[in-house]
Amino acid sequence: MTSTAGTAPVAVTDVAPPADNGRSRGPGAYLLIIPGLAWLLLFFVIPFYSLVATSLYDPSGSDLRGYDMTYHVANYWTALSDYWGPLLRSLLYGAIATLFCLVLGYVLAYTIAFKVGRWKNLMLVLVIAPFFTSFLLRTLSWKLILADDGYVVDLLQTLHLLGDDGRLLATPFAVVAGLTYNFLPFMVLPLFASIDKIDHRLIEASSDLYANSFVGFWKVTWPLSLPGVVSGTLLTFIPAVGDYINQTLLGTPNQRMIGTVIQSQFTDANNYPIAAALSMMLMVLILVMVLFYVRKAGTEELL
Amino acid sequence: MMWLRRNIVLILGLLVLVYTFIPIFVVVLMSFNDPSSRNVYRFDGFTLDNWTNFCGPAGMCDALWKSVQIGFLATLVATILGTLAAFALVRWDFAFRSSTNLLIFLPMAAPEIVLGSSLLALFVSAGFAGQLGFWTILVAHIMFCLSFVVVTVRSRLAGMSDTLEQAAMDLYATPQQTFWRVTFPLVFPGILGAALLSFSLSFDDFIITNLNAGTETTFPMYVWGAAQRGVPMQVNAVGTLMFVVSVVIVVGGELNNRRRQRALA
């Protein structure tokens, strides 16, 4: 049908003729897309412009009296020199949590895809289910589990893995553990989608060709699951870097992450220009890292 | 030993699954806790008080109700706008289609703190600094739910073959009849899934909400505030309820799927 469509005279009908890719053409598309697009333009694109503008305001104004636009680029310098510590810490914590998620998530996704047979769908449901309970309540639970007089600390002290006055709560370990736990599903689901598509015969072929199971995994399964690894690590790393809930509930105030700083600059200190500059820097840093990473990993499609 | 070697991956996988349930176990346990004092957060004794006196803590049920209202409205608007957009993206060709796809992807890839702070910057620049509250939260929630709806419905639509629709057309169904009797029922599970996802995203959001809420309090904000003073055990009853309801919905959907597939086979 498509081969003749190019030469046949186009009949004028009330139904739009199908395009070569099977999609219709016509004004109908705009009726469908414009409401959603307008919402995103108004409340995602324009706010981003406001954020850039706010980051260049004169820092001597206030949110209620208003700010003067003085293209005060020095805000970025102030923000960076005051808060490079939290910024680096966030990237570090985010990276470590992403790595932990990758290990745990891979084992789980691999198990669901290859090891549980007809229980696959039920297992997937079970993976998502815990994450339907409030994020804050889950994090508070970890606070209880890792508490100084809790079972975990007691056990570790009995085993002498932790000193008698050693603690887990209010340490970087607790924050990274919380981030790892809370963002695990963002890793498992894309990994599962990739691993589940792998043709079993390829793995069988590798073992027919005398690869042991480690070589088979490393040369066949892992490369074929890379799209899932790339999107999973991105979907985990980005929210983990910006998160401040885990840091506030499980960490200490003198080891803040950048999200904690931005939040308190906005809501407690009312220092909008600096907060906006920090927010912009976080966004740009993440964008640069993501672009670099995606190019390195050689995957162009993100989702 | 052989058995262990053969099943090591399965065992590790199940251990990871168990690990994801540890905090849920704590939430359920604490919903039956009888705390000795407000400042001590550990299991002291069994009680049903948290369930019988559910709305006991001042303000908790108001916050919960506020979250339900916002979640419902945000889901309604985001699902409608998102479904329309998904149809446009899969079924229609139009100018700047690929840049629209990118624009829909971006809110999901940006950290929440950036989304929340840019919206706050907009509201403040536009002179709404004193009027932050229900409506600004709602606007923000619709914004971040929208992309997730588009992506969910789009994948359902893209995975659907148009043979049934063509059959309907061949049997002289009008475009309206084809849409409402064939296309819509086929896409509906995707729309329903998108709506459930929206509701849970909206209901659970803290970071974006907190920046744009003014003096309004949603349930996550209530929990956050309580976490600084001492958490009333009733919040764990809410957490348990959320868990049970979502499991019932998801497992119910899964069983319904199986029943249907068996009926078709």
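Ser24(A) has Trp92(B) as its bridge partner in strand 1 of chain B. This is a predicted model, in which local features need pLDDT of at least 70, side-chain atom pairs count only at pLDDT 80 or more, and totals for chains, interfaces and linings use all residues. Residues are numbered from 1 along each chain as its sequence is written, and chains are lettered from A and ligands numbered from 1 in the order in which they are written.

The predictor assigns the complex an ipTM of 0.87 and a pTM of 0.87. For chain B the average pLDDT (the predictor's confidence in each residue, from 0 to 100) is 88, and 98% of the residues score at least 70.

The contact between the chains involves 69 residues of chain B and 71 residues of chain A, where two residues are in contact if their C-beta atoms, placed from the backbone, lie within 7 Å. On the side of chain B that touches chain A, helix 1 (residues 2-30) of chain B provides the largest share, 13 residues. That side of chain B has 51 nonpolar, 12 polar and six charged residues; Ala, Val, Leu, Ile, Met, Phe, Trp, Tyr, Cys and Pro count as nonpolar, Asp, Glu, Lys and Arg as charged, and the others, Gly among them, as polar.

Within chain B, the axes of helix 3 (residues 60-91) and helix 10 (residues 219-229) come within 7 Å and cross at roughly 145°; axes are lines fitted to C-alpha atoms, for helices over the stretch in contact, and angles run from 0 to 180 degrees between N-to-C directions. Helix 3 of chain B contributes Met60(B), Ala63(B), Leu64(B) and Ser67(B), which meet Phe219(B), Met221(B) and Tyr222(B) of helix 10 of chain B. By class, this contact has six nonpolar residues, one polar and no charged residues.

Helix 11 (residues 234-264) of chain B has 31 residues and spans 45 Å from its first C-alpha to its last, close to the 45 Å expected at 1.5 Å a residue; the expected span is 1.5 Å times one less than the number of residues. The buried residues of helix 11 of chain B include Gln234(B), Val235(B), Phe243(B) and Ser246(B); a residue is buried if 20 or more other C-beta atoms lie within 10 Å of its own, exposed if 12 or fewer, and partly exposed in between, with C-beta atoms placed from the backbone. Their cover includes helix 5 (135-145) of chain A, as well as helix 3 and helix 10 of chain B.

Chain A has 13 helices and one strand. Buried residues make up 40% of its 303 residues. Tyr210(A) is in the loop between helix 8 (200-208) and helix 9 (213-224) of chain A, and counts as exposed because it has 8 C-beta neighbours inside 10 Å. Asn270(A) lies in the loop between helix 12 (258-267) and helix 13 (272-297) of chain A and is partly exposed, with 13 other C-beta atoms within 10 Å.

Definitions and conventions:
Helices (H or I, at least four residues) and strands (E, at least two) are DSSP runs, numbered from the N terminus. Two strands pair if DSSP finds at least two bridges between them.
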